[in-house]
Amino acid sequence: MPSATASRRSALSLLLLWLALPACVSFVEVPIETPLQSKLDVSPFRRVLVAGFVTEPGEQEVEISTETSRLLQNQLRANSKLQILEPDRPPLHDALEKLGEGGKLSKPEKEQYRLEADRVLQDSEFWRKVGEEFGNPLIVTGRLGFEEQNRSGFQAEERVVRDARTGLPRIARGSRYAERKGFSLSADFYFLDGRSGQVLHKEKFTEEVLYGEEQKVSPLTSYFELMDRLLPNFLGVITPQKFKTTRVLIK
């Protein structure tokens, strides 16, 4: 998908073009849909199990494993034909509990916790047994990270001005100091075959949102905003999608 910088440059280019063209010229936006095939063939499965996620040891303001599992279940229910399995406790959480509570561990113990959690994610025999218990579903699991970041500093900016000598529009570039904070969300999704416990597909997504000093946004609100961006990419792994965009025609 295009970056925010590329989008701003495109908008500025269109604005310059509009200012430079005669007043009689008009523009028409034409919507375009491009079908996209799913990355993974899920036709062998009738069920899907969101089995929980590994998160960073320690206390967190947002229970991202629980919230992410709930959001994924809702999206799969609305956008796929698979039966959604909803166990009382995600199987991965039971396995991680045996390693100790992340928030009560020392620094060396937390590192050991991370290593053991990675081992569980890649343990095909463990996942085969989980699949056997739940009727051989497609299993979705993985690792999640969510953190706040300080992004204050000098920021580049662009604006359209009229040249004093020629009277024509041009782009003026500069920088200014801005107080900003951000939140980032990373997700390593594992798609596993419940019949064998083997990994069928892995996909990593990262999203980030920045806020100005005047914006008072809670971590939970930021998490949901980032998940809104991430969910279409997640669904694109297992369900066909349509990429929507527009083209500007000059009349």
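Here are some questions and answers on this predicted model.

Q: Where does the residue numbering start, and what does this predicted model count?
A: Residues are numbered from 1 along each chain as its sequence is written, and side-chain values use heavy atoms, with hydrogens and water left out. In this predicted model, local features need pLDDT of at least 70 and side-chain atom pairs count only at pLDDT 80 or more, while totals for chains, interfaces and linings use all residues.

Q: How many helices and strands does the protein have?
A: Helices here are DSSP runs of H or I with at least four residues, strands are runs of E with at least two, and both are numbered from the N terminus. Going by that, the protein has 6 helices and 9 strands.

Q: What percentage of the protein's residues is buried?
A: Buried means under 20% relative accessible area, exposed means over 50%, and partly exposed is in between (1.4 Å probe, protein chains only). Of the 251 residues in the protein, the buried ones make up 35%.

Q: At what angle do the axes of α2 and α6 cross?
A: Axes are lines fitted to C-alpha atoms, for helices over the stretch in contact, and angles run from 0 to 180 degrees between N-to-C directions. The axes of α2 (residues 64-79) and α6 (residues 219-238) come within 11 Å, and they cross at roughly 50°.

Q: Which word describes how α2 sits relative to α6?
A: Angles under 35 degrees count as roughly parallel, over 145 as roughly antiparallel, 65 to 115 as roughly perpendicular, and the rest as oblique. The crossing is at roughly 50°, so α2 is oblique to α6.

Q: How many nonpolar, polar and charged residues are in the contact of α2 with α6?
A: Contact means heavy atoms within 4.5 Å. Among the residues making this one are I64, L71 and L72 of α2 and Y223, F224 and F234 of α6. For the classes, Ala, Val, Leu, Ile, Met, Phe, Trp, Tyr, Cys and Pro count as nonpolar, Asp, Glu, Lys and Arg as charged, and the others, Gly among them, as polar. That gives 11 nonpolar, 3 polar and 2 charged residues.

Q: Is Q73 buried or exposed?
A: Q73 has its place in helix α2. Not counting residues up to four places away in sequence, Q73 touches V50, I84, L85 and E86. Its relative accessibility is 11%, so Q73 counts as buried.

Q: How far apart are the C-alpha atoms of K202 and F189?
A: K202 is found in strand β8 and is partly exposed, with a relative accessible area of 47%. Leaving aside neighbours within four places in sequence, K202 is in contact with F189 and Y190. K202 and F189 are 13 residues apart along the chain, and their C-alpha atoms are separated by 5.7 Å.

Q: How far apart in space are S186 and T206, C-alpha to C-alpha?
A: S186 has its place in strand β7 and counts as partly exposed at 26% relative accessibility. Apart from neighbours within four places in sequence, its contacts include R143, F205 and T206. S186 and T206 are 20 residues apart in sequence, and in space the distance is 4.4 Å.

Q: What is the phi of N136 near?
A: N136 sits in the loop between α5 (124-133) and β4. Most residues other than glycine have a negative phi. N136 has a positive value in a residue other than glycine, near 55°.
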